[in-house]
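This briefing is meant for someone who is looking at this structure for the first time.

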Amino acid sequence: MDALLWLPRLLYRAVVWLANSPKTLLIAYSILIVVCGVLYRHFEHRSIGDSIWWAVVTASTVGYGDISPTSWQGRLMAGLLISVMVLLVIPLITAHFASRLIVDNDAFRHEEQEEIKHHLRVIRAILEERQSGPVTSEGSANPPEGPSDR
C-alpha cells in the first residue's frame, strides 16, 4: 500500500516546499512560464517572444485570444498550464498572503512557553514543599490578627 502512496506524498512535499516561501513560489512560476513558452514555440512554431507572451497571458487566465494554440500538443499544454495556475499556484499565493494577515503577534514564542513551564515547575515544587512542612516556619512573623467583633 505504501508503494501506491509514494507519488502523492512526494507531490505533497513539493507543494509544501513551494508554499513555504514566496521566493520559491516565484521561481517555480517563472520556470513554469519559460518551460511552457519553449514548448509552445516548439509545438506551434512561433517566436520565443510570442511564446512567452502566450504563456504569461494563458497562465494569468486573461486569454486575450491574440495567440492561441492550433495543435493538439499546444492545446493540451494550454489546458495543463491553466489547470496548474488555477488549482495550484493562485491558491498557494492566496494562502500565503492570508496566513501573513492572520498571524497572531501576541502569541508566545516557543522559548517563552518553555520559560513559563519552567517557572510553573518551580512554583509547584515550592508549593509542595510548603504543604508538606509546617504551616509557619521559625523566625517568621505571626500573621496579623483580624479585628475582633467584641
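In this predicted model, the axes of α2 and α3 come within 8 Å of each other and cross at roughly 130°. An angle over 145 degrees would count as roughly antiparallel, and α2 and α3 are therefore described as oblique to each other. The crossing of these two helices, α2 and α3, is right-handed.

**Where α2 meets α3**

- On the side of α2, the contact is made by Y29, I33, V34, C36, G37, V38, Y40 and R41, while α3 contributes I48, S51, I52, W54, A55, V56 and A59.
- Leaving out residues up to four places away in sequence, S51 touches G37, Y40, R41 and R46.

**The loop between α2 and α3**

- H45 lies in the loop that runs between α2 and α3, and although H45 is not a glycine, its phi is positive, at about 55°.
- Is H45 buried or exposed? With a relative accessibility of 68%, H45 counts as exposed, because the threshold for that label is over 50%.

**Where α3 meets α4**

- The axes of α3 and α4 come within 9 Å and cross at roughly 45°, which makes α3 oblique to α4.
- As α3 passes α4, the crossing is right-handed.
- The residues that meet here are W54, A55, T58 and A59 from α3, and G74, M77, A78, L81, I82 and M85 from α4.
- This contact of α3 with α4 divides into 8 nonpolar and 2 polar residues, with no charged residue among them.

**Where α2 meets α4**

- The axes of α2 and α4 are 11 Å apart, and the two helices pack at an angle of about 170°, which makes α2 roughly antiparallel to α4.
- From α2, the residues taking part are P22, L25, Y29, L32, C36, L39, Y40, F43 and E44, and they meet Q73, G74, M77, L81, V84, M85, V89, L92, I93 and H96 of α4.
- In the contact of α2 with α4, the residues divide into 15 nonpolar, 3 polar and 1 charged.

**The largest nonpolar core**

- Which residues form the largest nonpolar core? This core has 12 residues, namely I33, C36, Y40, W54, A55, A59, I67, M77, A78, L81, M85 and V89.
- At least two residues of this core are supplied by each of α2 (22-44), α3 (48-59) and α4 (72-102), and α4 gives the most, with 5 residues.
- As background, nonpolar side chains tend to be buried together in soluble globular proteins.
- I67 is one of the residues of this core, and, once its neighbours within four places in sequence are left aside, I67 is in contact with Y40, R46, D50, W53 and W54.
- Y40 and W54, which I67 touches, are themselves listed among the residues of the core.

- Not counting residues up to four places away in sequence, T24 touches W17 and L18.

**The protein as a whole**

- How many helices and strands are there in the protein? The protein has 5 helices and 0 strands, and along the sequence the pattern reads α-α-α-α-α.
- Among the contacts in the protein between residues at least 6 apart in sequence, 46% join residues that are at least 24 apart.

Definitions and conventions
Residues numbered from 1 in each chain as written. Predicted model: local features only at pLDDT ≥ 70, side-chain atom pairs only at ≥ 80, totals over all residues. Heavy atoms only, no water. Core = buried A, V, L, I, M, F, W, Y, C linked by side-chain atoms within 4.5 Å. Buried < 20%, exposed > 50% of the residue type's maximum accessible area, 1.4 Å probe, protein only. Helix = DSSP H or I, 4+ residues; strand = E, 2+ residues; numbered from the N terminus. Contact = heavy atoms within 4.5 Å. Axes fitted to C-alpha atoms, helices over the stretch in contact; angles between N-to-C directions. Parallel < 35°, antiparallel > 145°, perpendicular 65-115°, else oblique. Left-handed = near helix turned anticlockwise from the far one by under 90°. Nonpolar A, V, L, I, M, F, W, Y, C, P; charged D, E, K, R; others polar.
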